[in-house]
Amino acid sequence: MCVTCGCSDNSEVTVTNPQTGTHEHILADGTVISHSHHDHDHEHPHPAEIHAQIHGNILQVEQNLLAKNNLLAAQNRGWLKGRKTVALNLVSSPGSGKTTLLTRTIADLKTAIPISVIEGDQATANDAQKISETGCQVIQINTGTGCHLEASMVERGLIELDPPMNSLVMIENVGNLVCPALFDLGENAKVVILSVTEGEDKPIKYPYMFHASQVMILTKIDLLPYVNFNLDRCLDYAYQVNPNLKVFQVSATTGEGLDAWYSWLKSLV
């Protein structure tokens with residue numbers, strides 16, 4: 001169960017490799033079922049059945065879940081450090097433009113920085129397919145009823161990706177400004193993405209996410225003349241929550257502001 005929103009989290013997780021067409025189902029009890037897209041004969045418990053088996057004190061379960069996650073996150077961080085590889089955890093609400101920004105970034109930096117992607121969604125491989133079309137290595141993780149990625153999912157994704165030394169791993173989290181704030185994935189930094197089409201008060205409505213992030217990217221700034229969005233107020237709110245927040249203002253459509261974002265990425269690897 002998710003400690004923040006109470007959803008029946010991680011009853012089943014699917015890890016898909018769009019390049020090979022294989023995927024794995026990871027059940028709540030740790031069982032792993034692997035097959036290709038052409039295999040359809042396996043049977044496994046329905047998420048509702050697994051949820052019905054969960055008993056005991058909810059608070060203890062939450063504490064155990066976070067403790068286990070943090071341990072695995074530390075292991076992920078060590079694994080990445082050993083490869084001199086930097087991981088960024090991209091978080092936002094749905095529709096902020098994460099995938100558009102990510103595909104533009106990969107296309108523009110493909111000759112400068114080796115980039116791999118772990119793509120998180122509740123369902124479909126739509127975004128992973130878009131990223132795959134850039135020529136980038138990508139693994140799709142479908143969380144089912146889960147509202148965020150966890151360190152154990154990222155661990156499996158990293159093993160499958162096998163990113164090269166001195167590279168960058170972009171983890172595109174499930175669209176959600178609540179739950180991902182609590183779960184360390186082993187990343188070097190959380191990057192919260194906010195679009196001008198959402199509303200300038202997001203940083204104070206979802207303060208835990210903006211406080212937990214080291215970077216904020218304000219996207220779709222080419223639409224500022226056409227939307228009711230107070231830029232100065234948004235920045236004021238963001239700095240109220242996190243005075244140390246590094247902010248980039250960009251448009252993945254026109255390219256405005258991307259050079260500063262790219263320079264920062266290049267400085268990491």
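Predicted model: local features only at pLDDT ≥ 70, side-chain atom pairs only at ≥ 80, totals over all residues.
Reader: Which side chain does Arg233 meet in a salt bridge?

Author: The partner is Glu200, with an N to O distance of 3.5 Å. The pair links distant parts of the chain, 33 residues apart. Arg233 belongs to helix α8 (residues 231-241), and Glu200 sits in the loop between β8 and α6 (202-205).

Reader: And Glu200, buried or exposed?

Author: Glu200 is buried, because its relative accessible area is 16% and the limit for buried is under 20%.

Reader: How many salt bridges are there by this rule?

Author: The count comes to six. One of them joins the side chains of Asp184 and Arg77, at 2.8 Å from N to O. These two residues are 107 apart in the chain: Arg77 is in helix α2 (residues 58-82), while Asp184 is in the loop between β7 (168-172) and β8 (189-195). Arg77 counts as partly exposed, at 33% relative accessibility.

Reader: What does Arg83 pair with?

Author: Arg83 forms a salt bridge with Asp162, at 2.6 Å from N to O. This pair also links distant parts of the chain, 79 residues apart. Arg83 lies in the loop between α2 and β4 (86-92), and Asp162 in the loop between α5 (151-161) and β7. Both residues are partly exposed: Arg83 has a relative accessibility of 22%, and Asp162 has a relative accessible area of 43%.

Reader: Changing topic: where is Asn142?

Author: Asn142 is in strand β6 (residues 137-142). Asn142 is buried, with a relative accessible area of 11%.

Reader: Which backbone oxygen lies 2.8 Å from a polar atom of its side chain?

Author: That is the backbone oxygen of Thr124. The backbone oxygen of Asp121 also has a polar atom of the Asn142 side chain at 3.3 Å.

Reader: How do the lining residues divide into nonpolar, polar and charged?

Author: Two are nonpolar, ten are polar and five are charged.

Reader: Last topic, strand β9. Why is it described as largely enclosed by the rest of the structure?

Author: Strand β9 (residues 215-219) is largely enclosed because five of its five residues are buried. Both faces are covered, with Val215, Ile217 and Thr219 on one side and Met216 and Leu218 on the other.

Reader: Which strands pair with β9?

Author: β8 pairs with β9 in the parallel sense over five bridges, and Ser195 stands opposite Thr219 there. Strand β10 (residues 246-249) also pairs with β9 in the parallel sense, over four bridges. In that pairing, Leu218 stands opposite Gln249.

How values were computed. Residues numbered from 1 in each chain as written. Heavy atoms only, no water. Salt bridge = Lys/Arg side-chain N within 4 Å of Asp/Glu carboxyl O. Buried < 20%, exposed > 50% of the residue type's maximum accessible area, 1.4 Å probe, protein only. Polar contact = N/O pair within 3.5 Å; in protein donor to acceptor, adjacent residues only side chain to side chain. Nonpolar A, V, L, I, M, F, W, Y, C, P; charged D, E, K, R; others polar. Pairing = 2+ DSSP bridges.
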